[in-house]
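Have a look at the structure first, then read on.

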Amino acid sequence: MGERRVAALYAGIRPGGVRRGTYARDEGLTPDQAIRDLAGLKKAGLIEEVGHGRTQHYVAAGPMAQAQRSVRGAHADRALRDPYGGQQD
């Protein structure tokens, strides 16, 4: 898997997923290159399409979605700490 596709996978696990145009712009790709990359990841079962036309974006699927849930679950169990705790003005 090429470095470009890794960038698409990373973007796909973020909230809201990744849009083809955004992926192409961020990675300096032509629209055709972005389409091929995303189609390859979709064929591999790592991302899936959500929406149609202008609202279409790609989100994690299969093993990527499972990894995403696992990481988010591990972080959700941790209590947040106040970064300013203990400091007085």
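**How the helices meet**

From α2, residues R20, Y23 and A24 meet P31, A34, I35, D37 and L38 of α3, where contact means heavy atoms within 4.5 Å. By class, that contact of α2 with α3 has six nonpolar residues, no polar ones and two charged; Ala, Val, Leu, Ile, Met, Phe, Trp, Tyr, Cys and Pro count as nonpolar, Asp, Glu, Lys and Arg as charged, and the others, Gly among them, as polar. Bear in mind that this is a predicted model, with local features needing pLDDT of at least 70, side-chain atom pairs counting only at pLDDT 80 or more, and totals for chains, interfaces and linings using all residues. Residues are numbered from 1 along each chain as its sequence is written, and side-chain values use heavy atoms, with hydrogens and water left out.

Now for the geometry. Helix α2 spans residues 20-27 and helix α3 residues 31-43, and the two pack at an angle of about 115° with their axes 9 Å apart. Helices here are DSSP runs (H or I, at least four residues), numbered from the N terminus, and axes are lines fitted to C-alpha atoms over the stretch in contact, with angles running from 0 to 180 degrees between N-to-C directions. α2 and α3 are therefore roughly perpendicular to each other, a label for angles of 65 to 115 degrees.

What about α1? The axes of helix α1 (residues 3-13) and α3 come within 10 Å and cross at roughly 70°, so α1 is roughly perpendicular to α3. On the α1 side, the contact is made by R4, R5, A8 and L9, and on the α3 side by Q33, R36, D37, L38, G40 and L41. This contact of α1 with α3 has four nonpolar, two polar and four charged residues.

Technical notes
Angles under 35 degrees count as roughly parallel, over 145 as roughly antiparallel, 65 to 115 as roughly perpendicular and the rest as oblique.
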